[in-house]
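Here is a guided look at one protein, from its overall build down to a few individual residues. Keep the sequence and the 3D view open side by side as you read.

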Amino acid sequence: ARYKVPQRAGRRCTAADGYLAAARERANLVVVTGAQATRLALDSAYDGAGRLQVSGVEFARGDEREPCSVRLARGGEAVLCAGAVQTPHLLLLSGIGPAEHLREAGVPVRADLPGVGSGLQDHPAVVVSYESKKAVAATDDALLKGHASLVNPLAMLRWLLFGRGPLACAACDHGGFVRSSPDLDQPDVQIRFVPARASSASGMNTLIELGRRARFLPGFSTQVVACRPRSEGRVRLRSADPFAKPIIEGIHLGAAEDVASLRHGIRLGRQVCAAAAFDEYRGEEVFPGAAVQSDEQIDEYIRSSVHSANALTSSCRMGDPSDPAAVLDSHLRVRGVGGLRVADASAMPRIIGGQTQAPTYMLAERAADILLHARLQAHEPATESVSQRLEVAAGAPQRG
């Protein structure tokens with residue numbers, strides 16, 4: 001089957017294209033680029049009742065990391081949408097998270113929330129890749145023959161005029177979902193067909209090499225994804241320095257079931273590519289390689305080449321008040337902290353069994369509904385200007 005992909009006329013449709021572009025001229029919107037949030041400003045008496053409350057956001061802007069800040073007007077809220085790694089990272093830098101870890105990192109504890117950064121999940125993936133006897137890969141037509149960095153002008157013209165051809169290829173937009181065991185209630189394996197030969201056992205390294213304009217040979221692949229993983233990792237601070245990259249621990253293959261799912265997927269991927277329809281195209285198996293056959297050999301290949309299918313979720317999950325690991329309530333509010341919500345994939349209680357982009361958009365749309373409803377209940381105008389909602393501190397960007 002062909003998966004639905006976020007494209008319009010052969011061009012990728014991002015969240016910025018689908019949502020932000022239409023809102024860019026609104027008076028209550030300021031977009032700041034080249035900036036990194038460094039800390040949430042917290043005030044224990046900001047709401048007049050002595051409760052911990054977000055009072056603003058601190059960030060650095062530009063290559064010089066110019067310190068800037070934005071202060072919330074009374075009744076304002078901050079909504080974190082930095083993703084399943086950076087959202088918990090920012091919370092931890094702000095002193096919101098497991099108290100013991102914060103103390104170890106040298107961050108003052110403002111709110112002891114054990115679940116911040118825990119429960120991180122991802123779809124682990126491996127590849128089965130083949131040489132091809134004929135030019136069938138998307139890279140065969142997208143680039144001039146013999147050149148690693150020159151785009152085929154005919155392919156470029158086709159894309160510009162019609163939004164079609166190899167330059168419009170989403171690379172992994174065909175495949176299916178299967179159960180590795182008939183005893184399972186839901187599919188635990190996703191197979192993605194990729195019209196390109198892997199240059200590395202790690203699919204992510206192949207993409208990096210493509211970005212570096214490496215030369216690619218004819219071939220095709222299947223990417224095998226464990227789409228119902230049991231493994232959970234966590235995000236932790238490397239230090240109190242907001243520019244030090246966070247530590248991601250134990251995200252893949254911590255559960256034997258995930259290895260079994262991928263093993264089944266590799267065998268299935270080989271079975272698919274061994275079909276008669278591939279006979280005139282199929283060359284030698286590049287990865288894992290024909291010599292890799294036993295369960296032990298396949299498992300070793302999995303452990304040495306597993307990579308992300310880009311589906312990080314669940315590191316600030318919402319949950320029932322009785323769940324000590326839940327960070328958010330059902331309205332996406334951070335527990336114990338006023339004026340703070342999370343609206344990204346980190347809020348998912350568990351990873352879903354498919355691509356996470358559309359569900360993340362759905363979650364964000366729901367967050368917008370919740371915020372608008374809260375404003376209506378407070379009898380606030382829904383179109384008030386940014387100057388009514390934000391008090392921009394010295395050094396912060398102004399509208400020009």
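In which loop is Pro-288 found? Pro-288 sits in the loop between β16 (282-287) and α8 (295-305). Helices (H or I, at least four residues) and strands (E, at least two) are DSSP runs, numbered from the N terminus.

## About the model

This is a predicted model, in which local features need pLDDT of at least 70 and side-chain atom pairs count only at pLDDT 80 or more, while totals for chains, interfaces and linings use all residues. Residues are numbered from 1 along each chain as its sequence is written, and side-chain values use heavy atoms, with hydrogens and water left out.

## Overall build

The protein has 10 helices and 19 strands. Its radius of gyration is 24 Å, close to the 21 Å that the globule rule gives for 400 residues, so the protein is as compact as a globular protein of that length. That radius is taken over C-alpha atoms, and the globule rule is 2.2 Å times the number of residues to the power 0.38. Along the principal axes, the C-alpha atoms fill a box of roughly 75 × 50 × 40 Å.

Of the 400 residues, 44% are buried. Here buried means under 20% relative accessible area, exposed means over 50%, and partly exposed lies in between (1.4 Å probe, protein chains only). The accessible surface comes to about 20,800 Å², with 53% of it belonging to carbon and sulfur atoms; these areas come from the Shrake-Rupley method with a 1.4 Å probe, and for residues only the protein chains shown count as cover. Among contacts (heavy atoms within 4.5 Å) between residues at least 6 apart in sequence, 67% join residues at least 24 apart.

## Two nonpolar cores

A nonpolar core is a set of buried Ala, Val, Leu, Ile, Met, Phe, Trp, Tyr and Cys residues joined through side-chain atoms within 4.5 Å. The largest one here holds 33 residues, and Leu-91, Ile-96, Val-334, Val-337 and Leu-340 touch the most other members. Two or more residues each come from β3 (35-43), β6 (78-80), α2 (83-93), α3 (99-105), β18 (340-342) and α9 (357-377). The top contributor to this core is α2, with four residues.

## Helix α2

How many of the 11 residues of α2 are buried? The count is 10, and the helix is mostly covered. Among the buried residues are Gly-83, Pro-88, His-89 and Leu-91. After the helix comes Gly-95, with a positive phi near 85 degrees.

## Backbone details

Most residues other than glycine have a negative phi, and most peptide bonds are trans. Against that background, the peptide bond from Phe-287 to Pro-288 is cis, with omega near 0 degrees.

Arg-65, in the loop between β4 (53-61) and β5 (66-72), has a positive phi near 55 degrees. Its relative accessible area of 48% makes Arg-65 partly exposed. Leu-332 also has a positive phi, near 65 degrees, and lies in the loop between β17 (307-308) and β18. With a relative accessible area of 4%, Leu-332 is buried.

Cys-68 lies in strand β5 and is buried, at 5% relative accessibility. Its C-alpha atom is separated by 16 Å from that of Val-54, 14 residues apart along the chain.

Pro-187 is in the loop between β11 (174-178) and β12 (189-194), and is partly exposed with a relative accessible area of 26%. Its contacts, leaving aside neighbours within four places in sequence, are Phe-177, Val-178, Arg-179, Cys-227 and Arg-228. Arg-234 belongs to strand β14 (residues 233-236) and is partly exposed at 36% relative accessibility. Not counting residues up to four places away in sequence, Arg-234 touches Gly-117, Ser-118, Leu-120, Ile-247, Ile-248 and Glu-249.
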